[in-house]
Amino acid sequence: SMAEGAGAGAGPRLAELLAAGRRLWEEVETGTEPSSAAPAVQDKVRRGLDALQRAAAMVAQLDLFSENEELEEIASADLKYLLLPALLGALTLKQVDLSRRLEHLESARAHFWRFLKLCRSYGLGTFQLPPASASPAGDEDAGSPSPRGPTGAQPSLVSMALSRQAKIERYNQKKELENRLASIRTFVESGQADEDQTREFYILQIQKWINTSLEEIESIDQEMVILRSRGTVKQASAAPHGPSRQARAPLKPFILTRDAAQAKVFGAGYPGLPTMTVDEWYEQRGRQGVLSAQRAPAGITDEELQKRQQEKKEEEDDEEALQKARSWDDWKDTHPRGYGNRQNMG
């Protein structure tokens, strides 16, 4: 019967490997660890990948799936093994070694793509199979003769998916799938489901993973474009916490001054460089989320702070400081920039 399933000897062992890999993936996915880089999490990722890779090798050996057979020919108990490449892709993405990020993205993409191709050959889900590999950024412009129209290269998956309608439809499908899955799950997991329900349960799971795989390939392609446009993945390894979704703006050169009066003085002398007082600098970096530490040193009292602010205010109002600024301006009007800097005699 269709329920029989994988080769007798390998059956239980194979089922255990899939269950273990899947459980580890779920623990990583829904884990409470603050960072996926935590050693405990990465240990689960490694163990999960190991179990799933061994299961995938067994499936290949048993020749469970073939691209020219019908869905009906697959035993119900074997349907769940179709998910192996999708789970492998998902766990591959959970690795955090940034120096190998591009390699992990390529490997995960290949797993998701193999899963989608297999689903297509069994007529599971209606979707457009993305290109087999992410084309490196700019390749399509590299003097290729083919026109960039509908007859030319496949429209990129990214642009297809950006159509809002497709996204809304996919979202609704996903919700509906999840509701149907939830309603059958308890039956299947308690062993009360008949074969038809079990079969539907696995097929729903496969369809859910089709959606996930399409989304993942899309975001992998976008991340690859970013990594490749940086020229080297080396630079990425400097970032401490995984590929940061939003790169922080590099700090532009500027002259740091103690207060506003000084800013006036220095600002005029170096037209190319903006000036910023220490307080403005703290404020700006604070806005960018860089400085979490309070500026006031530990153990300072409110009175002291007020006293300091009062002194600072007096300093800014200081007529003498303004006088200096004005005379510096006048001096500069008659002396070109670099005047007196003659060490180079050039």
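Predicted model: local features only at pLDDT ≥ 70, side-chain atom pairs only at ≥ 80, totals over all residues.

Me: OK. How many helices and strands does the protein have?

Reply: There are 11 helices and two strands. Going from the N terminus, the order is α-α-α-α-α-α-α-β-α-β-α-α-α.

Me: What share of the residues counts as buried?

Reply: 33% of the 346 residues. As for surface, the protein exposes about 21,900 Å², with carbon and sulfur atoms supplying 52% of that.

Me: And of the contacts between residues at least 6 apart in sequence, how many join residues at least 24 apart?

Reply: 67% of them do.

Me: Switching to confidence. What's the mean pLDDT?

Reply: The mean is 79, and 69% of the residues reach 70 or more.

Me: Where is confidence lowest, and where is it highest?

Reply: The lowest is helix α8, residues 260-269, with a mean of 60. The highest is helix α3, residues 84-92, at 98. There's also a stretch, residues 137-152, where the pLDDT is below 50. Beyond near neighbours in sequence, that stretch makes seven contacts in the model.

Me: Let's look at a helix pair. How do α6 and α7 cross?

Reply: Their axes come within 9 Å and cross at roughly 145°. The crossing is left-handed.

Me: Which residues make that contact?

Reply: From α6 they include Lys-167, Arg-170, Leu-177, Leu-181, Ile-184 and Val-188. From α7 they include Thr-198, Phe-201, Leu-204, Gln-205, Lys-208 and Leu-214.

Me: New topic: Phe-115. Where is it, and what's its relative accessibility?

Reply: Phe-115 is in helix α4, residues 101-121. Its relative accessibility is 0%, so it counts as buried.

Me: Which residues does Phe-115 touch?

Reply: Not counting residues up to four places away in sequence, Phe-115 touches Leu-82, Leu-83, Pro-85, Ala-86, Ile-206, Trp-209, Ile-210 and Ser-213. Leu-88 is 27 residues from Phe-115 in sequence and 9.8 Å from it in space, C-alpha to C-alpha.

Me: What about Arg-22? I'd like to know why an arginine counts as buried here.

Reply: Arg-22 counts as buried because its relative accessibility is 17%. Arg-22 is in helix α1, residues 10-29. Leaving out residues up to four places away in sequence, it touches Leu-52, Leu-83, Leu-87, Gln-205 and Trp-209.

Me: How far is Leu-49 from Arg-22?

Reply: 9.5 Å, C-alpha to C-alpha, and they are 27 residues apart in sequence. Leu-49 is in helix α2 and counts as buried at 8% relative accessibility.

Me: And what is Leu-49 in contact with?

Reply: Leaving aside neighbours within four places in sequence, Leu-49 is in contact with Leu-88, Leu-91, Thr-92 and Gln-95.

Me: Let's follow Thr-92, then. Which helix is it in, and what does it touch?

Reply: Thr-92 is in helix α3. Besides Leu-49, Thr-92 touches His-104, Ser-107, Ala-108 and His-111, again not counting residues up to four places away in sequence. Thr-92 is buried, with a relative accessible area of 4%.

Me: Last one: Asp-63. Where does it sit?

Reply: Asp-63 is in the loop between α2 and α3.

Me: Is Asp-63 buried or exposed, and what's its phi?

Reply: Asp-63 is exposed, with a relative accessible area of 58%. Its phi is near 55°, which is a positive value in a residue other than glycine.

Key
Residues numbered from 1 in each chain as written. Heavy atoms only, no water. Helix = DSSP H or I, 4+ residues; strand = E, 2+ residues; numbered from the N terminus. Buried < 20%, exposed > 50% of the residue type's maximum accessible area, 1.4 Å probe, protein only. Contact = heavy atoms within 4.5 Å. Areas by Shrake-Rupley, 256 points an atom, 1.4 Å probe, with all protein chains shown as cover. Axes fitted to C-alpha atoms, helices over the stretch in contact; angles between N-to-C directions. Left-handed = near helix turned anticlockwise from the far one by under 90°. pLDDT = per-residue confidence, 0-100.
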